[in-house]
There are 2 protein chains.
Amino acid sequence: MGKKVGKQTFSFDKPPVIINTATVAGPFEGQGPLKNYYDHIYNDNRAEQESFEKAEREMMSNACITVLNKAKITPREIDIFIAGDLLNQIITSGFTALGLEVPFFGVYAACSTSALSLIIASIILESGCAEIALTATSSHNLSAERQFRYPTEYGVHRKPYSQWTVTGAGAALVSTKGKGPKITCATIGKVEDLGCKDPMNMGAAMAPAAVSTMLQHFADTGRAPEYYDLIVTGDLGKVGYELALELASSQGGFDLSKNYYDCGLVIYDPEKQDVHAGASGCAASALVVYGYLFKKLLDGKYNKILLAATGALHSPTSNQQGDNIPTIAHAVSLEMV
Amino acid sequence: MGKKVGKQTFSFDKPPVIINTATVAGPFEGQGPLKNYYDHIYNDNRAEQESFEKAEREMMSNACITVLNKAKITPREIDIFIAGDLLNQIITSGFTALGLEVPFFGVYAACSTSALSLIIASIILESGCAEIALTATSSHNLSAERQFRYPTEYGVHRKPYSQWTVTGAGAALVSTKGKGPKITCATIGKVEDLGCKDPMNMGAAMAPAAVSTMLQHFADTGRAPEYYDLIVTGDLGKVGYELALELASSQGGFDLSKNYYDCGLVIYDPEKQDVHAGASGCAASALVVYGYLFKKLLDGKYNKILLAATGALHSPTSNQQGDNIPTIAHAVSLEMV
């Protein structure tokens, strides 16, 4: 049985195991520093599909099929598929679920989906209702830009603090048994709003949510930041990362500078790939955590990682109607125990 | 501990209890046959807000606050808030969560959200991680029409098989203890696609998903349709209801005509309120189940109800790109035991 610890943290008695992961990346991401950690890199953003939206669907489906093949598991053995993405009505996830023909829970947590889907998978396994769950998330630069901001054909100038939506997808298999990092506990986010209205500046909007969830995690579990070999946020980018460092210090008295980085800072090479403030999108944390960090946990470089994935919950409509950008962060503790 | 029964059904060892519900309805819904079962009826579709989207948000927030007040529970006592709606990026749910200041899981299941949120709440309670969960969903005719089809100002002629998106919201409190109908088991839907492409004809698109989940529920649990005093689908409307009857007979050999109806058929008065094929939207099943049927379970008219809520997982983009409309249905068994 799981239990609630403190105000927002669920602790798992029989921690579910991430037994395998898979990641696929777009061509631009495939030139970045983590390129050797992705299972597949596409040659073009269309992935041989008729539209960017269908390309994103191909990517999520590919990540799912790849992780199943790596683990030698068929879709029929999956008890539940939990997925979400950025597109309206999460069509990437819905159509991927159609292809997999498995029971499906659709979730929406914007770019914090990697963590939320792992959390819901963990709860289902802990409840006894399922033994193996498949989670997935994705984003696509060109489908996201035209939905949330402007079609890239418009050639709109990007601001220095804007981030680059990652093209790619990640999938993870979570099981009651097997080897791999365990999800020992999870801290569920509350929606935060500190008054940010600029949809180009996601990092500033999301940093307060990231810090709120991290501080609550430390308070609920009694762990200090030093408990973790590494703390990663999802996609705050340069602006949000610096704000998060400041807020963790001013609000919690914690110096995170030693063992904390943001997934949005490591996907592109800042010397050769100018994306301004870094990466964003559901695939940012998926590529880094499911791609790179999963392998670094297995090979012993890290033993304890806290992932605090961040999401902005606005829509173009809410933005155009003058609303602030509400944000959320969900955290999962990944431990080799 | 819960357990998996058959292929798609989760059975709960300590069935969670729906201890209270609340529903709020728009002015047109407030003239319908179930008007005496709603907690609040708005005088206008704007609900004194600046936009239809903000009106929908007011409605979901009101439903949540009302159910908390009825149960004499404060938001701080809620372990988790689980909500979803039809608007892009489920902004209704996200902004409602912002106001409640509680841990939040966003879900997307289109009009099957009433059932999916109850299922996820049940799993969390069964896992031991939480003791009390708040679920909510909503839809608004005027925000949905302009997002999914055309702004109503265009005066587009509706086809005879089209349904009327319900304006309203519903919320439910699910607890490990207390009195009320218990969620004894749940059947998780798979995404179905039988080739429907017409976004005006949701009933025909969703009927196969409803029947697939119902037949799987009967197969997994060994229950016949007669086990239930009442079986209700979410929002198939007249066309989908008749198709579901046919499919249940041809695919499963079941005659559902005696104890089955669709929530979309009972919200409006067919004599005085011509909405063509009936009601649709997340609020359809929420108003009927959380409003009317919850009270009929408490007063003994029904003891066992199967809710199979149905959702269409398309977006205008997927539709415009030539995709079929994928659909899903999630079922929950509500029993006075």
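Helices (H or I, at least four residues) and strands (E, at least two) are DSSP runs, numbered from the N terminus. The structure is a predicted model, in which local features need pLDDT of at least 70, side-chain atom pairs count only at pLDDT 80 or more, and totals for chains, interfaces and linings use all residues. Residues are numbered from 1 along each chain as its sequence is written, and chains are lettered from A and ligands numbered from 1 in the order in which they are written.

**View 1. Overall fold of chain A.** Chain A contains 8 helices and 15 strands. Its C-alpha atoms occupy a box of roughly 50 × 45 × 40 Å along the principal axes. Of the 337 residues in chain A, 65% are buried (20 or more other C-beta atoms within 10 Å of the residue's own; exposed means 12 or fewer, partly exposed in between, with C-beta atoms placed from the backbone). Among the contacts in chain A with a separation of 6 or more, 79% involve residues 24 or more positions apart; two residues are in contact if their C-beta atoms, placed from the backbone, lie within 7 Å.

View 2. Chain B is superposed on chain A by a rotation of 180° with 0.0 Å of shift along the axis, at an RMSD of 0.0 Å (least squares on the C-alpha atoms of residues with pLDDT of at least 70 in both copies). The two copies are thus related as by a two-fold rotation axis. Both copies use the same surface, since 100% of the contact residues of chain B recur in chain A. The contact involves 52 residues of chain B and 52 residues of chain A. On the chain B side, the elements giving two or more residues are strand 1 (3-5), helix 1 (52-70), helix 2 (91-100), strand 6 (104-106), helix 3 (113-127) and helix 8 (316-320) of chain B. Helix 3 of chain B gives the most, with 6 residues. This side comprises 28 nonpolar, 15 polar and 9 charged residues (nonpolar: Ala, Val, Leu, Ile, Met, Phe, Trp, Tyr, Cys and Pro; charged: Asp, Glu, Lys and Arg; polar: the others, Gly among them).

**View 3. The two domains of chain A.** Domain 1 (3-175) and domain 2 (183-335) are assigned in chain A, with bounds from an automatic or database domain assignment. The centres of domain 1 and domain 2 of chain A, taken over C-alpha atoms, are separated by 17 Å. Their contact takes 54 residues from domain 1 of chain A and 59 residues from domain 2 of chain A. Helix 3 of chain A gives the most to the domain 1 side, with 7 residues. By class, that side of domain 1 of chain A has 27 nonpolar, 21 polar and 6 charged residues.

View 4. Strand 15 (residues 327-335) of chain A is largely enclosed by the rest of the structure, because 9 of its 9 residues are buried. A:Thr327, A:Ala329, A:Ala331, A:Ser333 and A:Glu335 point one way, whereas A:Ile328, A:His330, A:Val332 and A:Leu334 point the other way. In a regular strand the side chains alternate between the two faces of the sheet. Strand 10 (residues 182-187) of chain A pairs with strand 15 of chain A in the antiparallel sense over 5 bridges (strands pair if DSSP finds at least two bridges between them), and A:Ile183 stands opposite A:Leu334. Strand 14 (residues 304-312) of chain A is also antiparallel to strand 15 of chain A, joined by 9 bridges; here A:Leu307 has A:Val332 as its bridge partner.

**View 5. The surroundings of A:Trp164.** A:Trp164 lies in strand 8 of chain A and is buried, with 25 other C-beta atoms within 10 Å. Leaving aside residues up to four places away in sequence, A:Trp164 touches A:Asn141, A:Tyr268, A:Val275, A:Ala279 and A:Ser280.

**View 6. Helix 2 of chain B.** Helix 2 of chain B has 9 of its 10 residues buried, so it is largely enclosed by the rest of the structure. Its buried residues pack against helix 8 (316-320) of chain A, together with helix 1, strand 5 (80-85), strand 6 and strand 7 of chain B. B:Glu101, whose phi is positive, near 55°, follows helix 2 of chain B.
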